[in-house]
Structures are given as C-alpha cells and as structure tokens.
2 protein chains.
Amino acid sequence: MNAMLETIMNRRSVRKYNFDEVPEEQLMDILEAGRWAPTGGNCQTVHFMVITDEKVRSELRARVQSAFARMELTEDLYASIKNSIRASRLGTYAFDYKAPILVVVSNRRGYPNAMADSACALQNMMLEATSLGIGTCWINQLHWLDEHPMIREYLEPLGLGTDETICGALAIGCYDGVQAAKPRTGMKVDFIR
Amino acid sequence: MNAMLETIMNRRSVRKYNFDEVPEEQLMDILEAGRWAPTGGNCQTVHFMVITDEKVRSELRARVQSAFARMELTEDLYASIKNSIRASRLGTYAFDYKAPILVVVSNRRGYPNAMADSACALQNMMLEATSLGIGTCWINQLHWLDEHPMIREYLEPLGLGTDETICGALAIGCYDGVQAAKPRTGMKVDFIR
C-alpha cells in the first residue's frame, strides 16, 4: 500500500476538536488542495468561504439550530435531518462540532456538476488535512438549509452569491487521540472481465 | 508543499491512453481507494462496476453514441452534452476515450448524498491512480444517460441495480507523456476572519 492509499484509509470524520490552532500555512495548503479539484469542463466555479471568526460561527450555529428546531419532524425525512431536528429542539445543537474553522463550499445554482465538483474539492481538503494530521468532518446541514431564509440572509452579506447554492461545508480543526477505523463492509465492487 | 498536495496538483484528466496494461495490484489499490471514501451516515452504498472486457466496453460505446446521436440538439442543453451529441452524429464518438478500464459508479436512487458520496469515491480513485502514475478521466456521459433505456437495458443485466442511479464513471489507463497543468484562476476563496 502506498502513502496515498494509507492517507485515504486513515481519513476519519472528526467530531470533537481541541483548542490548538491550525497553523495558517496548513490551512492554506488545505484550501489549495480544494482549489485543485477537477471541475466539469474546467469551469472552476467552486467557491470557498472560510469562516474562522468565532462570533460568526456562533451566530451561524444559533441560526442553524433555530431553523431545524422549527422544522416539522415527519417520517419521510432523511435520517440525518431528523437527528438535526431532534438535537436542535434540545437546544444544545452544534452542527459544526464547534470546530475552529468552517469552510462553506458553494457553486453556481443550476450548474449540473455543482455537487460533483464541490464534493471533489471537499474530498481533496479532507485528504490534505489528514496528511497534515488535522481533523475534518463533512458538514451537510448548510446544504440542507441552502434555501432557508435564516441562512441565506446571514451568509449572503458575508459573500455567498445570490446565484450560488451551498453544496456542503467542512469543519477543520486539531483533535486529540485516534479514532478507530470503521471497516468497509459495503462499497461493492463487481468485475466485468 | 507535502506529497499529498503535490499529487493533488499533479492530477490531470487524461484523454489519450496507450496499450500498456494497468497492473492488477494497482487497479485493486485504485478501487480500494474508492471504497474508502466517506459516505453520508457511513451508509457505504457506492457501487463500482469495473469493466475491462473489451467487447462490453465497445458495445457500451456504440450504445452511448447511438443514444446521443438521436438526441435533439437544443440550445438549453449543458455545453458538454451538446458536444457529445455533435461528436456522436459524426459517428466516431468514444465517450470513454477507449481507456482499457471503465469503472461505472452508481448509488441508491433517491438517496440524498448519492452524488456527493460517489464523487468522493471518484476523487479518491483519481488521486490513488495519479500517485501510481496511472491516468484517469471523470466520465459523465453514463450519468447523463442514466435513465436512457439503451443504457439501462445493457448495464442492468451486467449488475447495475434497478434501484441504482449512475452518478459517474472513471476511465483508467496508462498514458504517454505529461500534460501541461492548467492554472486555477477560478475556485475563489473568501475569508471571514
């Protein structure tokens, strides 16, 4: 197994961060990794909003909690959205795990490869962070709330384009300890030889 | 810059393959890289169909060409789809660049993270291949033709689930020469400090 595969297999979703600072140079390398993702027709329209301001992250957290808490909990909802609603109603929900850095990844609305391109950028950032010993977690809540007025009216003045859709986000930060690897029991491979 | 970022920046979309064989062990590592992608709620539902059979790839190529050639060329279509239609009408279209290996990546229909999870798996495979000196190219044509009867009736007997949607595909093969890097002029990064 080469170093790349080893890093890929070592990546974990980190959901608990400590107070150590992510060195500026490492953050820049993580973002550069995202910027070098492939894009459909090389259109390069992925947009990264890097939020390190604690006040902004805290206000965003409150808005996300408030938005979910008011949502109706119906059976047909995706399981993770149900969890977000339940946690938000308890009033202690931190959708970003209070990571010191949150990168909001958006793309042009109506562009057919918006999610594909953004996901490649997110995966690049996760792998670069892993190679540097920095923790990350893909955050989907802002994607789910993409059209919610409480989120749009807060993020648009901060730079989210009115013509952009939020495809995902990434929590980034330092963490303690090593998490156990989860085996891959699914992810089926068939060969047509 | 560390080795991970270097590999990320060295990845290219390879559109011309030679006849060298991709060593079995390297193909397995590329697929393993895909299998270790993160998935929403760790559901692990990405499905990889690895087509190395030349007859199958050739028949699939003919079906893709035929499907596109019959499509109406309307202004509102995505630019790359228009290109596929034009090339198919000329009768010499090879959507997979005749790469020796084509991996069809599918996922459960209706699963909200189907594209996100599949894209992470594709990006992992592209990076592992790059680290091994193997070329790859993200192929979108089967995704665009996901619901087309000519594609479904051919791929379902080969293992594509009737409950699955094709999210993308990957051409894999050896190649000659080094392509020039395209600069990242887009991929905007904003900081909220």
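This is a predicted model: local features need pLDDT of at least 70, side-chain atom pairs count only at pLDDT 80 or more; totals for chains, interfaces and linings use all residues.

Two salt bridges are counted between chain A and chain B.

Where do the two partners sit? E24(B) lies in helix α2 (residues 24–35) of chain B, and R193(A) lies in the segment after β5 of chain A. E24(B) is partly exposed, at 40% relative accessibility. R193(A) is partly exposed too, at 48% relative accessibility.

**The contact between the chains**

Polar contacts also link the chains. There are 48 residue pairs in polar contact between chain A and chain B, with both residues at pLDDT 80 or more. Several elements of chain A give two or more residues to the side that touches chain B: α1, α2, β1 (47–51), α5 and β5 (189–192). The largest share comes from α5(A), with 10 residues. By type, the residues on this side of chain A divide into 34 nonpolar, 18 polar and 12 charged.

How many residues take part on each side? In chain A, 64 residues are in contact with 64 residues of chain B. Together the chains bury about 6100 Å² between them. Of that area, 59% is on carbon and sulfur atoms. In chain A, the residues that lose the most area to chain B are W36(A), M187(A) and I192(A). These three together make up 15% of what that side buries.

**How the copies are related**

Two copies of a chain are related by a rotation about an axis and a shift along it. Here a rotation of 180 degrees, with 0.0 Å of shift along its axis, superposes chain A on chain B. The RMSD is 0.0 Å. The two copies are thus related as by a two-fold rotation axis.

Which surface does each copy use? Of the interface residues of chain A, 100% are also interface residues in chain B, so the copies meet through the same surface.

**A helix covered from both chains**

Now take helix α1 (residues 3–10) of chain B. Its buried residues are M4(B), L5(B), T7(B), I8(B) and M9(B). What covers them? The cover includes α1 (3–10), α2 (24–35) and α5 (114–131) of chain A. It also includes α5 (114–131) of chain B.

N140(A) gives another view of the two chains. N140(A) is in the loop between β3 (135–139) and α6 (141–144) of chain A. At 10% relative accessibility, N140(A) counts as buried. Leaving aside its neighbours within four places in sequence, N140(A) is in contact with C167(A) and N113(B).

Over all chains, the structure holds 22 salt bridges.

| Pair | N to O distance |
|---|---|
| K55(A) and E59(A) | 3.3 Å |
| R61(A) and D96(A) | 2.9 Å |

K55(A) and E59(A) both lie in helix α3 (residues 54–69) of chain A. They are four residues apart, about one turn of the helix. K55(A) is exposed, with a relative accessible area of 57%. E59(A) is partly exposed, at 30%.

R61(A) pairs with D96(A) in a salt bridge. R61(A) lies in helix α3 of chain A, while D96(A) lies in the loop between α4 (79–90) and β2 (101–108), so the pair ties together parts that are 35 residues apart in sequence. R61(A) is buried, at 9% relative accessibility. D96(A) is buried as well, with a relative accessible area of 1%.

Some salt bridges join up. D146(A), R152(A) and E156(A) are linked in a network of them.

**A positive phi in each chain**

Most residues other than glycine have a negative phi. What is the phi of M187(A)? It is near 55 degrees, a positive value in a residue other than glycine. M187(A) lies in the loop between β4 (164–173) and β5 of chain A. At 1% relative accessibility, M187(A) counts as buried.

In chain B, the phi of M187(B) is near 55 degrees, also a positive value. M187(B) is in the loop between β4 (164–173) and β5 (189–192) of chain B. M187(B) is buried, with a relative accessible area of 1%.

Conventions
Residues are numbered from 1 along each chain as its sequence is written. Chains are lettered from A and ligands numbered from 1 in the order in which they are written. Side-chain values use heavy atoms; hydrogens and water are left out. Copies are superposed by least squares on the C-alpha atoms of residues with pLDDT of at least 70 in both. Contact means heavy atoms within 4.5 Å. Buried means under 20% relative accessible area, exposed over 50%, partly exposed in between (1.4 Å probe, protein chains only). Buried area is the accessible area (1.4 Å probe) that two parts lose on being put together, summed over both. A salt bridge is a side-chain nitrogen of Lys or Arg within 4 Å of a carboxyl oxygen of Asp or Glu. A polar contact is a pair of N or O atoms within 3.5 Å; within protein, one must be able to donate a hydrogen and the other to accept it, and residues adjacent in sequence count only if both atoms are side-chain atoms. Ala, Val, Leu, Ile, Met, Phe, Trp, Tyr, Cys and Pro count as nonpolar, Asp, Glu, Lys and Arg as charged, and the others, Gly among them, as polar.
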